[in-house]
Amino acid sequence: MQVYLDNAATTRLDPRVLAKMKPYLTTKYANASSIHKPGQEAYLELLKAKKSVAKILNGEPENVIFTASATEANNFIIKGVARANKSGQKNKIIVSAIEHPCVRESARELESEGFQVEFIPATAEGLITPDALRGLIDDKTILVSVMMVNNEIGTVQDVTALARVAHEFGAYFHTDAVQAVPYLEIDIKRMELDFLSLSGHKFYGPKGVGVAYIDRRKKIRPLIVGGGQEDNYRSGTYNLPGIMGLAYALELAYKERKAYLKKVKSLRDHLLSAIQEEIPGIQINGSLIDRVPANLNVMFGYVEGEAILIDLSQKGVYVSTGSACSATNLKASHVLRAIGLNKNFLNSNIRFSLGRFNTRQEIDYTVKCLKDTVKRLRKFSPVKKIGQILN
Ligand SMILES: Cc1ncc(COP(=O)(O)O)c(C=O)c1O
């Protein structure tokens, strides 16, 4: 049996989305910037995709800018807003301590350009509170960026409350909503968001396409310059197959949301209770209440997460330690550090992220394998007595 429990890293392309994309790869291949008839037809399709994405987000179609990834969207928004709005008075950027590396590294790059960068601490539950933001923000602040849902521990932030604090101080608010689809209803207006990022491949859409939702009334400098596509906000030939795929995947995600959430939650709860019953010496990382139902991040005391991952992989169960983006980086997760996990346990964690195609049988098989793996690896653990580290 093969069990894919790494849906937060990427999802399988929905066959209906592939069918939607196919004509734009074969017959309708014209460049959407070309003046001829097929080019103009392609451009009209692009506008339809923007309209569809904007409707789901309760935003404006002209504010939907397509990028090649959420990494690009986050780089564009964070660097672009900071650079365009810097003045003698304003030079501060605030991001949370649990952001994805593409947000953190964008902020670090700005630091090297002379911006003041602050990181909002997280609670032990993995939450970013408005009070913690208040402790750092002032009228020198240009932008605050806090993710809607964390990719490692699945915690959900109250972005509306955070956006209000940012606005009180005249700062803009950006949220990385990559892991929020379709778990949360995203409403740009109601949530008072200025900027937002999405990634197609996290919700059964194609890889290589993302969204930077901007507010055209607010200054932002482009990251990628060239042919002037997207009204100069983002140059580069429109990736129409990817764009059509992303828009359709987003539509399906929200259309089928209710049944999807129910299924994923029931599988995750089953996984959680089976792990709790079958395996001693574990701890769940992050709030179980303010959390998306697809995520379970578990600390297995006295075993290396990497060892569990490799052993499970040999049994056909595919999970991750922390985020996939840091799979080649054996440094402990900055998210788990930020929530204050005991330092002895920083490398003992596994992220299970469930999705549309998982079944109850797969979860049962996973727990069976996990029980065997953890038991066996603990035999080799240098820590002989369970409880030795905890005390
Ligand atoms: C929260 C978050 N932001 C950004 C990204 C980057 O997305 P992309 O793969 O589209 O660059 C990811 C991907 O893991 C993510 O989980």
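The model is predicted. The domain assignment divides the chain into domain 1 (3-10 + 257-379) and domain 2 (15-255). The structure holds 28 salt bridges, and a few of them are described below.

**Domains**

- Domain 1 is assigned in two segments, 3-10 and 257-379, while domain 2 is assigned as 15-255.
- Taken over C-alpha atoms, the centres of domain 1 and domain 2 are 28 Å apart.
- Contacts between the two involve 31 residues of domain 1 and 33 residues of domain 2.

- Strand β10 spans residues 295-300, and six of its six residues are buried, so the strand is largely enclosed by the rest of the structure.
- In a regular strand, side chains alternate between the two faces of the sheet.
- In β10, Asn295, Asn297 and Met299 point one way and Leu296, Val298 and Phe300 the other way; all are buried.
- Strand β9 (residues 282-284) pairs with β10 in the antiparallel sense, over three bridges.
- Within that pairing, phenylalanine 300 of β10 is the bridge partner of isoleucine 282.
- Strand β12 (residues 349-353) also pairs with β10 in the antiparallel sense, here over five bridges.
- Isoleucine 350 in β12 is the bridge partner of valine 298.

- Strand β7 covers residues 195-199; five of the five are buried, so β7 is largely enclosed by the rest of the structure.
- Phe195, Ser197 and Ser199 lie on one side of β7 and Leu196 and Leu198 on the other, and both faces are covered.
- Strand β6 (residues 172-176) runs parallel to β7 and is joined to it by three bridges.
- Histidine 174 stands opposite phenylalanine 195 of β7.
- Strand β8 (residues 210-213) pairs with β7 in the antiparallel sense over four bridges.
- Tyrosine 213 in β8 is the bridge partner of leucine 196.

- Side chains of opposite charge can pair when their charged atoms come close.
- Arginine 83 forms a salt bridge with glutamate 109, with 3.9 Å between the closest N and O atoms.
- Glutamate 109 lies in helix α4 (residues 101-112) and arginine 83 in helix α3 (residues 70-85), so this pair ties together parts that are 26 residues apart in sequence.
- Arginine 83 also forms a salt bridge with glutamate 113, where the closest N and O atoms are 2.6 Å apart.
- That pair links distant parts of the chain, since arginine 83 is in helix α3 and glutamate 113 is in the loop between α4 and β4 (116-120), 30 residues apart.
- Arginine 83 is partly exposed, at a relative accessible area of 23%.
- Glutamate 109 is partly exposed at 37%, and glutamate 113 is partly exposed at 35%.
- Glutamate 111 and arginine 108 meet in a salt bridge of 3.1 Å, N to O.
- Glutamate 111 and arginine 108 are three residues apart in helix α4, so about one helical turn separates them.
- Glutamate 111 is partly exposed, with a relative accessible area of 35%, and arginine 108 is partly exposed with 38%.

**A salt-bridge network**

- Asp14, Arg16, Glu256 and Arg356 are linked in a network of salt bridges.

- Tyr43, Leu44 and Leu47 form a nonpolar patch on the surface, and together they have about 250 Å² of accessible area.
- Leucine 44 belongs to helix α2 (residues 37-57).
- Exposed means over 50% relative accessible area, and leucine 44 counts as exposed because its value is 51%.

**Threonine 160**

- Threonine 160 lies in helix α6 (residues 159-168).
- Buried means under 20% relative accessible area, so threonine 160, with 14%, is buried.
- Leaving aside neighbours within four places in sequence, threonine 160 is in contact with Arg190, Met191 and Glu192.

Technical notes
Residues numbered from 1 in each chain as written. Predicted model: local features only at pLDDT ≥ 70, side-chain atom pairs only at ≥ 80, totals over all residues. Heavy atoms only, no water. Patch = residues over 30% accessible without salt bridge, like charges linked within 9 Å, V, L, I, M, F, W, Y side chains within 5 Å. Areas by Shrake-Rupley, 256 points an atom, 1.4 Å probe, with all protein chains shown as cover. Salt bridge = Lys/Arg side-chain N within 4 Å of Asp/Glu carboxyl O. Helix = DSSP H or I, 4+ residues; strand = E, 2+ residues; numbered from the N terminus. Buried < 20%, exposed > 50% of the residue type's maximum accessible area, 1.4 Å probe, protein only. Pairing = 2+ DSSP bridges. Contact = heavy atoms within 4.5 Å. Domains from an automatic or database assignment.
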